[in-house]
Amino acid sequence: MSDTGRLIPRDRSAHPVAFDPDYKTSVARSPSLPLLSLGSTPTEETGPTFGHGLIGPLDNNLVLNWTRGEAQAIGERILVHGRVLDENGRPVPQTLVEIWQANAGGRYRHVKDGYLAPLDPAFGGCGRTLTDAEGYYAFLTVKPGAYPWPNRGNDWRPAHIHFSVFGHAFGQRLITQMYFEGDPLIARCPIAATVKDRDQLDRLVAPLDMAAARPLDHLAYRFDIVLRGRSQSLFENRPEGM
Ligand SMILES: [Fe+2]
């Protein structure tokens with residue numbers, strides 16, 4: 001294959017602003033001083049390297065992985081699947097995809113989550129997998145519940161799954177959230193509202209995918225993740241990329 005793609009510069013104007021008072025936490029978290037640009041180091045450019053030996057057989061099965069297959073998590077069973085693609089639409093293989101989410105009642109298994117919905121003793125809420133040669137990944141999980149959060153009095157997060165895509169270097173890690181088609185809470189969420197461009201927000205909403213649903217077993221949602229900044233020649237002669 002030859003390299004026919006071109007590097008498309010990042011469009012910083014398309015990124016949500018860091019300071020958005022309707023999302024109260026962003027007031028304290030957003031930078032108060034101009035950003036500095038730091039060069040990357042070999043540590044950030046060469047590691048980590050992931051292999052299939054790192055991934056257990058149940059790691060992408062959140063219905064079973066917390067109990068190591070002993071019991072099933074409670075909730076609406078769903079397959080969340082898609083491809084990791086570069087900005088030119090090419091698959092990104094061997095990429096670590098990690099997810100974390102609340103349980104079906106909207107409760108995280110986290111020491112700081114005090115929501116009154118109960119923990120599910122059969123659900124941990126984390127999973128990971130490597131994309132295959134076509135950039136494809138899949139998780140079997142339960143649909144997370146919406147949950148309230150202390151922001152403006154009565155704000156609720158829409159059902160969502162957090163995603164991390166690690167790439168092949170620390171400097172490439174990307175984190176985002178996936179929402180579910182048809183959820184009326186998306187339009188009311190101050191965090192989702194930090195994404196001002198409707199098309200960008202729509203790309204974070206996974207459509208129901210009945211073609212991948214399994215009768216009498218699970219529904220499916222399709223979530224493709226498109227990355228920027230990688231040309232095909234890097235895939236050919238330097239698989240670890242950067
Ligand atoms: Fe969350």
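Let's start at Gln94, which sits in the loop between β1 and β2. A word on those labels: helices (H or I, at least four residues) and strands (E, at least two) are DSSP runs, numbered from the N terminus. Residues are numbered from 1 along each chain as its sequence is written. And please keep in mind that this is a predicted model: local features need pLDDT of at least 70, side-chain atom pairs count only at pLDDT 80 or more, and totals for chains, interfaces and linings use all residues.

Back to our residue. Gln94 is not a glycine, yet its phi is positive, about 55°. In general, most residues other than glycine have a negative phi. Gln94 is partly exposed because it has 19 other C-beta atoms within 10 Å. The cut-offs here are simple: 20 or more other C-beta atoms within 10 Å of a residue's own make it buried, 12 or fewer make it exposed, and anything in between is partly exposed, with C-beta atoms placed from the backbone.

Leu216 also has a positive phi, near 60°, and is a residue other than glycine. You will find Leu216 in the loop between β9 and β10. Leu216 has 5 other C-beta atoms within 10 Å, so it counts as exposed.

Now the whole chain. The protein has four helices and 11 strands. Buried residues are 24% of its 242 residues. I will also talk about contacts, meaning two residues whose C-beta atoms, placed from the backbone, lie within 7 Å. Of the contacts with a separation of 6 or more, 68% are between residues 24 or more positions apart.

How are the strands arranged? Five of them form an open sheet in the order β3-β2-β7-β8-β9, with mixed pairing. At the edges are β3 (126–130) and β9 (205–206), each with a single partner strand, so one side of each has no neighbour in the sheet. When I say two strands pair, I mean that DSSP finds at least two bridges between them. As a reminder, strands of a sheet pair through backbone hydrogen bonds, either parallel or antiparallel.

Within that sheet, look at β7 (residues 160–165) and β8 (residues 174–180), which run antiparallel and are joined by six bridges. Which residue in β8 is the bridge partner of Val165? The partner is Leu174. Leu174 has 13 C-beta neighbours inside 10 Å, so it is partly exposed. Beyond four places in sequence, Leu174 is in contact with Val165 and Leu227. Its C-alpha atom is 9.8 Å from that of Val97, a residue 77 positions away along the chain.

Another pairing to show you is β1 (residues 77–85) with β4, antiparallel over seven bridges. Here Leu79 has Leu140 in β4 as its bridge partner. Strand β4 (residues 136–142) is largely enclosed by the rest of the structure, because five of its seven residues are buried.

As for Val80, leaving out residues up to four places away in sequence, it touches Phe139, Thr141, Ile161, Ala206, Tyr221 and Phe223.

Setting aside neighbours within four places in sequence, Tyr23 is in contact with Asn151, Pro190, Ile191 and Thr194.

One database note: UniProt, in an unreviewed entry, lists residues 80–108 as "domain: Intradiol ring-cleavage dioxygenases". Such annotations may be inferred rather than shown by experiment; feature names are shortened, and positions follow the numbering used here. That stretch, 80–108, is 0% helix and 38% strand, with end C-alpha atoms 19 Å apart.

Finally, confidence. The mean pLDDT (the predictor's confidence in each residue, from 0 to 100) is 87, and 88% of residues reach 70 or more. Over residues 229–242, pLDDT stays under 50. Where pLDDT is low, the predicted coordinates should not be read in detail.
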